[in-house]
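Thanks for coming, everyone. Have a look first.

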Amino acid sequence: MHDIRFIRENPEVFDAAMARLGVSVSSSDILAIDAGRREKITAAETAQAERNAASKQVGAAKAKGDEAEFERLRALVGEKKAEIAALEDGAKAEDAKLTELLATLPNMPLAEVPDGKDEDDNVEIRRWGEPRVFDFAPKEHYELACVQDGMDFETAAKLAGSRFVLMSGAVARVHRALAQFMLDTHTTEHGLTEVNGPVMVREEMMYGTGQLPKFGEDSYLLREGWWLIPTSEVTLTNIVNNATLEESYLPRRYTAHSLCFRSEAGSAGRDTSGMLRQHQFEKVEMVSVTHPDKSLDEHERMTRCAETILEKLGIPYRTIVLCTGDMGFGARKTHDIEAWLPGQDSYREISSISVCGDFQARRMNARFRPEGGGKPEFVHTLNGSGLAVGRCLIAVLENGQQEDGSVVLPQVLHQWLGGKTRITADGALV
């Protein structure tokens, strides 16, 4: 949510930011609504003062026996009451209109974010690891012999339709081990607090993190009124919804492993093979709530947390800064981490880490009290994958594949697999 005072005081800055995002709404559109709202509020206050004055004079006129003046003043009080009610209703309508408009406008990108239209304009900032050179043609994850029984798309389609998978045996265990490895790394090495929260949330929680009102079609609404979370960013960030924290309580760093649900609206025909793009998937999410002065440093720290997971797994990756045309709705700056998938001969997104400034905090009314005293301020929020578990499984399978269809598993996972080190071509974990 944008601060209307900032727009009043910095209309050119706001317009420049929206232009970078390709948004046609200008500050003049917003300020016209704001001016109408403020005029009605001022007029209502003036009418209220006039009504109060007339009310005092009614008694005096009655005491003097001036019946004509008494009736005139009493009629004026009634007129002012109706006028005030109409003005207040008008101000409320303008306020709702303003709030609705501001709620649909994306966050303003930081100056350092590169301009661009789409993913082709993103900027790579670093790479880690050398892609393995195969002496055979590497396959995509769903083509490997070792997953033919353990990654069942046909049965999943019978159960739920397309874009679901039924994992079993070694594949399911490696998938679970990856989530455990990520959680343990984040909690023991990166200082995050593990949370196990609901995957169904109230509508206002989706609004707080920016999924609503504009992107409702991307998520699932249950008949009871709950929304299925598209990521546990919603659950974790809203822990501070409508809260005022002590500054000493910051930063708060959370992580959670959860089911996630996305309708994949608008992605028809994209990544339909395998389990790269699913309606239901699992993710280990990271969320930080920070002091405004610390959020950019926290963004870099969170990026390193996600990169470390891939480095421990030995998966080559690259880190990019998203351009203005490819950033998410609530982000001021986003780092995407893309893992190398030899079966596709390309890097694919496995984590997206965003700093949102006070954009979500304003929607949630999440503040902190400065230690030195003073008025409560909005916190800053950040979120990012640490990592997408299914996509990480894909990367492990494709990078560890052998010519016979078996997979050698990363050494760091062995302790979560009871000492097992590979999946044989016939799907056994040994």
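Start with E16. Nine of the nine residues of E16 are buried, so this strand is largely enclosed by the rest of the structure. Buried here means under 20% relative accessible area; exposed means over 50%, and partly exposed is in between, with a 1.4 Å probe and protein chains only. Strands are DSSP runs of E with at least two residues, helices are runs of H or I with at least four, and both are numbered from the N terminus.

Two housekeeping points. This is a predicted model: local features need pLDDT of at least 70, side-chain atom pairs count only at pLDDT 80 or more, and totals for chains, interfaces and linings use all residues. Residues are numbered from 1 along each chain as its sequence is written, and side-chain values use heavy atoms, with hydrogens and water left out.

Back to E16 and its partners. Two strands pair if DSSP finds at least two bridges between them. E10 pairs with E16 over seven bridges, in the antiparallel sense. In that pairing, Glu285 stands opposite Ser385 of E16.

E13 also pairs with E16. That pairing is antiparallel, with three bridges. Two positions to look at: Ile353 sits opposite Gly384 in E16, and Ser354 has Asn383 of E16 as its bridge partner.

How covered is E13 itself? Mostly: seven of its ten residues are buried.

E13 has a further antiparallel neighbour, E12, joined to it by nine bridges. Ile337 stands opposite Ser351 in E13. E12 and E13 make a hairpin, with four residues between them. In the turn, Asp345 has a positive phi of about 55 degrees.

Next, the nonpolar core. By that I mean a set of buried Ala, Val, Leu, Ile, Met, Phe, Trp, Tyr and Cys residues joined through side-chain atoms within 4.5 Å. The largest has 48 residues, and Val174, Leu178, Met182 and Leu313 have the most contacts inside it. Which elements give two or more residues to this core? They are helix H6 (169-188), strand E10 (280-290), helix H9 (295-313), strand E12 (333-341), strand E13 (346-355), strand E16 (380-388) and helix H11 (389-399). H6 gives the most, with nine residues.

Zoom in on Val174. Leaving aside neighbours within four places in sequence, Val174 is in contact with Leu393, Leu409, Leu413, Leu417, Ile423 and Leu429. Contact means heavy atoms within 4.5 Å.

Buried or partly exposed? Thr187 counts as partly exposed, because its relative accessibility is 24%. Beyond four places in sequence, Thr187 contacts Leu192, Glu194 and Thr255.

Now Pro11, in helix H2 (residues 11-21). Pro11 counts as buried, because its relative accessibility is 19%. Not counting residues up to four places away in sequence, Pro11 touches Ser27 and Leu31. Pro11 and Ile353 are 342 residues apart in sequence, and 29 Å apart in space, C-alpha to C-alpha.

E14 (residues 367-369) joins E15 through two bridges, antiparallel. Arg367 stands opposite Phe378 in E15.

Phe378 takes us to the second largest pocket. Phe378 is one of the residues nearest the centre of that pocket, along with His2, Asp3, Arg5 and Arg362. A pocket, on a 1 Å grid over the protein atoms alone, is an open set of points where a 1.4 Å probe fits, with protein on both sides within 12 Å along at least five of seven lines; lining residues have an atom within 4 Å of a point. The volume is about 410 Å³, counted as the space filled by probe spheres set on the points.

The lining has 20 residues. They divide into seven nonpolar, three polar and ten charged. Helix H1 (4-9), helix H4 (67-103) and strand E15 (377-378) each supply at least two. H4 gives the most, with four.

Note on methods
Nonpolar A, V, L, I, M, F, W, Y, C, P; charged D, E, K, R; others polar.
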